[in-house]
Amino acid sequence: NQYTVTNTIKQQKTSVSVRKEWVVPNGMQKPAVVISLNNGSQSVATVTLDGVVDEKETTAWQYTFSNLPVYDLTTGAKYAYTVEETTQLADFDAPVVTGSAANGFTVTNAVAQKYTGISGTKTWVDPEGTMHPTITINLLRDGTVYQSVQLANGETDYSFAELPVYALDNNDAAQNDGHRYAYTVEEAEVDGYNSEKDDDNN
């Protein structure tokens, strides 16, 4: 007679934490989202995060899936847990998931970039026929010169196009917090003239 003796690994339990982060302007409403805990392509648990601290969400925008089996007792293989955000959000880019089951996951949503434009007109108050020097109109973003345009004699209109509305620069942490840029225009000093600007920054 032949006998088969099988040893099955003892089941262990684990937990997987997830944190929700937002890259949005101050004051922008953050909608509730559903986070799914997956094992492969199968969802094994879900949670809705809304930023409200309660018994479930003991820290705003964070949750821990607990009492999870470590092993598939049929095959002995470890489960590979991942998370995904299943809520479809308007006005946001697709969520980015970073981290691991061992160290915790972070799911980040950034506001979808929008673009705007600024235009204006240069007005001279001086005798008719006066030859005007070439002037520089500076566009400032958050108080720092971002773009410039020059107007030669006879040119009065200027414009700046395709200006990003939100700070979403992945290459610059200081410009990747989602705040709304503040754009203003100013004229470089012109000898012999006083410069004034109307209420629309034109």
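User: Which residues does tryptophan 22 touch, not counting residues up to four places away in sequence?

Analyst: This is a predicted model. Contact here means heavy atoms within 4.5 Å. Tryptophan 22 touches Lys30, Pro31 and Val33, together with Trp61, Leu89, Phe92 and Asn109, once residues up to four places away in sequence are set aside.

User: Which residues have the most contacts inside the largest nonpolar core?

Analyst: That core has 24 residues, and Trp22 is among those with the most contacts inside it, alongside Val18, Ile35, Leu37 and Val83. Two or more residues come from each of β1, β2 (33–39), β3 (42–49), β4, β5 (81–85) and β7. The element that gives the most is β1, with four residues. Apart from this core lies another, of 14 residues, including Leu139, Tyr158, Phe160 and Tyr183.

User: How should I read the pairing of strands, and what is the strand order in the open sheet of four strands?

Analyst: In general, strands of a sheet pair through backbone hydrogen bonds, in either a parallel or an antiparallel sense. In this open sheet the order is β4-β1-β7-β6, and the pairing is mixed. Its edges are β4 (62–69) and β6 (96–100), each of which pairs on one side only. On average, neighbouring strands of the sheet are turned by 20° against each other, direction ignored.

User: Do strand β1 and strand β7 pair in the parallel or the antiparallel sense?

Analyst: Strand β1 (residues 13–23) and strand β7 (residues 104–110) pair in the parallel sense, over six bridges.

Definitions and conventions
Residues are numbered from 1 along each chain as its sequence is written. This is a predicted model: local features need pLDDT of at least 70, side-chain atom pairs count only at pLDDT 80 or more; totals for chains, interfaces and linings use all residues. Side-chain values use heavy atoms; hydrogens and water are left out. Two strands pair if DSSP finds at least two bridges between them. Axes are lines fitted to C-alpha atoms, for helices over the stretch in contact, and angles run from 0 to 180 degrees between N-to-C directions. A nonpolar core is a set of buried Ala, Val, Leu, Ile, Met, Phe, Trp, Tyr and Cys residues joined through side-chain atoms within 4.5 Å. Buried means under 20% relative accessible area, exposed over 50%, partly exposed in between (1.4 Å probe, protein chains only).
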